[in-house]
Amino acid sequence: MNKPLRRIAVFCGLLVLTLLIRDNWLQYVRADELATDTDNRRVAIERYATPRGDIIVDGKAITGSKRAASGDFEYVRTYKDGPMWAPVTGYASQAFGTNQLENLEDGILTGNDDRLFFRNTLDMLTGKNKAGGNVVTTLNAAAQKAAYDGLAERGKGAVVALDPETGAILALASYPSYDPSTIAGYSDDDQKAWNKLQKKENPNDPMLNRALRETYPPGSTFKVVTAAAALEHGLYTDADSPTKTPLPWTMPGTTTELKNEGDIPCRNATLRVALQWSCNTVFGKVGSDLGNDKMLETAEEFGFTSEQFTPVRSNASVFSDDMNQSQTALSSIGQFNTAATPLQMAMVASAVANDGTLMKPYMVDKLQASNVDTIEQTEPEELSRPLSSDNAQILQSMMETVVDKGTGSNAKIDGVTVGGKTGTAQHGVDNSEKPYAWFISYAKLDDGSSPVAVAVVVEDEAADRGDISGGGLAAPIAKSVMEAVIQSKR
């Protein structure tokens, strides 16, 4: 071979080698990067080429898929009772991506999860199209409807219901809400619907998941945590001993008296009476006497200061460190810097109901292949033990007094033992805004089991300020949710 031909052959060989290297680089090194690149339209086309798997509640799909009217995306996501379930499902949109369960379990729902490889291979060999799997939730449809309908009557707020014995989420409602179906496509109408849902155009912020992502001052519902701290740290050993709390009580280091709401029997009140009538003075003094460190320790045992993953992430609830005695007193009655998600306060009620054991909250029961074979099953998991069993039972008796004889009477259910705590949380500069109405509770059946614990927060801007109370606005919603769960168990 002469020299010019040899050079051409070498050059061509280098070109082939370069092409092979480039091909392998793209297929093996950058494969995952390219497959998830938002600019790779082929990925999006493949994602919507087949019906998406479903999210299941009580054995029925609350999602679906339909053929798109136009465009190169063949299927579009649909939702049944979309606004009611949006805080659970999130959205799957051709234009705006996915969030919440639709995002976290996207691999299962699209059929692209590695755990479905064997199933997809069999389908390919038998000529079947690839199919997405299902996400089976722990939600209770009747409880969710009771929660959503109750909030819809009030205007704004959130509800979380848990199974205290397992941590399973039975209801997760937020209002106002939105219909994910309206933003599921890629049309101009979907874009307009999306714009109308954004906070800058809609101050009510319907896409905000208030159950998981909003932290509110918990007000007097936090007194359950303070009572638990008093019992666990030995400040008091029972519910019925006098607390030696003066009236008025001046916060340490200040000349400011901590006020109670109305003329209620708080002087030297027992813990039981103080919780029954929601005495600020008693629980403020308890927090001050225990000090910041002990109060923070108990709050953290209940889940404060940590994000929760259900698997959808919940904001961390707040109880501050490095507070002086008067600041700790205010925080111990659910004011100052204290802030909590509705999920967090449901966890507080749940731990008390479950004799002091707090279970990790979760909303996915299992993941299924398209043929409903179980791929993954969630096992209940203990998160912490904020209370001893004995102290939890003392606190149960106190919360039951609140419902039987105190501020929580609107949550009574015939033939069922109910424990609860009301809360009316001030907020805004100098408490200028209308307060939030809270109620946390649990139900206990004759066999001693506790099938449900609930937290409700209501932001009722239409109500008269003097009419806003946890017992008046939030307790009836909690009652209806508990009744729905109990009825479903019978």
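**Close-up views of a predicted model**

By the rule that a disulfide is a pair of cysteine sulfur atoms within 2.5 Å, the count comes to one disulfide. The model shown is predicted, so that local features need pLDDT of at least 70 and side-chain atom pairs count only at pLDDT 80 or more, while totals for chains, interfaces and linings use all residues. Residues are numbered from 1 along each chain as its sequence is written, and side-chain values use heavy atoms, with hydrogens and water left out.

**View 1. The disulfide of C266 and C279.** The sulfur atoms of C266 and C279 are joined at an S to S distance of 2.1 Å, and the link is left-handed, with -85° about the S-S bond. C266 lies in the loop between β11 (257-258) and α12 (271-277), and C279 in the loop between α12 and α13 (280-290), so the pair ties together parts that are 13 residues apart in sequence. Here and below, helices (H or I, at least four residues) and strands (E, at least two) are DSSP runs, numbered from the N terminus.

**View 2. An open sheet of five strands.** The strands follow the order β2-β1-β7-β15-β16, with mixed pairing, where two strands pair if DSSP finds at least two bridges between them. The edge strands, each pairing on one side only, are β2 (60-61) and β16 (374-377). Strand β1 (residues 55-57) runs antiparallel to β2 and is joined to β2 by two bridges, and I56 stands opposite A61 in β2.

**View 3. Strand β15 and its antiparallel pairing with β7 and β16.** Four bridges link strand β7 (residues 134-137) with strand β15 (residues 364-368) in the antiparallel sense, and T137 has V364 in β15 as its bridge partner. Between β15 and β16, which also run antiparallel, there are three bridges, and the bridge partner of K366 in β16 is Q377. The hairpin of β15 and β16 has five residues between the strands, and in this hairpin V372 takes a positive phi near 65°.

**View 4. The crossing of helices α11 and α17.** The axes of α11 (residues 223-232) and α17 (residues 389-405), which are lines fitted to C-alpha atoms over the stretch in contact, come within 10 Å and cross at roughly 140°, with angles running from 0 to 180 degrees between N-to-C directions. That makes α11 oblique to α17, because angles under 35 degrees count as roughly parallel, over 145 as roughly antiparallel, 65 to 115 as roughly perpendicular and the rest as oblique. With contact meaning heavy atoms within 4.5 Å, V224, A227, A228, L231 and E232 in α11 meet N391, I394, L395, M398 and M399 in α17.
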